[in-house]
Amino acid sequence: MKNLWISFKFLVILSIVTGVIYPAIITGASHLFFVDNTTGNIIVKDGKNIGAVFVGQLFQQDKYFWGRPSAGNYNTLPSGASNISPASSAIFQTMQENKAKYMNPTGKVADEMLFTSASGIDPHISPQAAFEQVQRIANARNISEKEVEKLINKTIEPRDFGFLGEMRVNVLKLNIALDDMETYARK
């Protein structure tokens with residue numbers, strides 16, 4: 001009985017430490033040091049929430065950059081990859097459909113545009129995938145390709161800490177910059 005009582009006290013103490021105190025400290029520290037990340041890094045424009053920096057969105061109009069295809073149709077609740085086997089004919093068919101959709105006039109398609117991201121809501125594309133969309137966007141917006149390329153170069157995010165991951169472009173931020181550039185040009 002004595003061992004049962006000691007075990008129960010340890011359960012209560014560890015439950016409080018690991019279930020209440022530790023999460024409270026981590027949550028408080030993250031709100032203190034990483035304010036944007038803990039609030040979802042929501043982008044607000046003209047008083048309206050237009051998106052989150054870390055969540056991919058569906059852009060289909062020719063005047064916008066398109067992000068990676070999504071296995072979950074950009075829905076954050078059941079986000080995740082599909083269970084399609086690499087040997088499945090369905091994955092080959094999806095790849096061919098994506099290739100036709102994302103094909104640019106040079107006949108190139110960045111690899112990440114052929115397959116869905118692991119999370120299904122990846123907000124980034126490679127600089128290569130962004131540059132492959134320049135002609136379509138320039139034509140749709142009636143602006144020069146050089147202007148679009150310059151904007152891409154401004155929004156390329158470097159590798160984390162200079163060596164982790166790959167250089168990338170956030171599609172939402174790039175599309176907002178495109179709209180801002182067009183609005184500024186009209187003034």
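**Exercise 1. Find the residue in E2 that stands opposite Val44.**

Solution. Step 1: the residue opposite Val44 is Asn49 in E2. Before going on, note that this is a predicted model, in which local features need pLDDT of at least 70, side-chain atom pairs count only at pLDDT 80 or more, and totals for chains, interfaces and linings use all residues. Residues are numbered from 1 along each chain as its sequence is written, and side-chain values use heavy atoms, with hydrogens and water left out.

Step 2: place the strands. E1 covers residues 42-45 and E2 covers residues 48-52; they pair in the antiparallel sense over four bridges. Strands (E, at least two residues) and helices (H or I, at least four) are DSSP runs numbered from the N terminus, and two strands pair if DSSP finds at least two bridges between them.

Step 3: follow the hairpin to its turn. Lys45 has Lys48 in E2 as its bridge partner. Two residues lie between the strands, and Asp46 takes a positive phi near 55 degrees.

**Exercise 2. Work out the strand order of the open sheet formed by three strands.**

Solution. Step 1: the order is E3-E5-E4, with antiparallel pairing. Step 2: E3 (124-125) and E4 (156-157) stand at the edges with a single partner strand each, so one side of each has no neighbour in the sheet. Step 3: check one pairing. E3 and E5 (residues 168-170) share two bridges, and Ile125 has Val169 in E5 as its bridge partner.

**Exercise 3. Describe how helices H5 and H6 cross.**

Solution. Step 1: the axes of H5 (residues 134-141) and H6 (residues 145-155) come within 9 Å and cross at roughly 120 degrees. Axes are lines fitted to C-alpha atoms, for helices over the stretch in contact, and angles run from 0 to 180 degrees between N-to-C directions. Step 2: now look at the residues. Val134, Gln135, Ile137 and Ala138 in H5 meet Glu145, Val148, Glu149 and Ile152 in H6 (contact means heavy atoms within 4.5 Å).

**Exercise 4. Find the salt-bridge partner of Asp180.**

Solution. Step 1: a salt bridge is a side-chain nitrogen of Lys or Arg within 4 Å of a carboxyl oxygen of Asp or Glu. Step 2: the partner is Lys45, with the closest N and O atoms 2.5 Å apart. Step 3: Asp180 lies in helix H7 (residues 171-186) and Lys45 in strand E1, 135 residues apart, so to speak linking distant parts of the chain.
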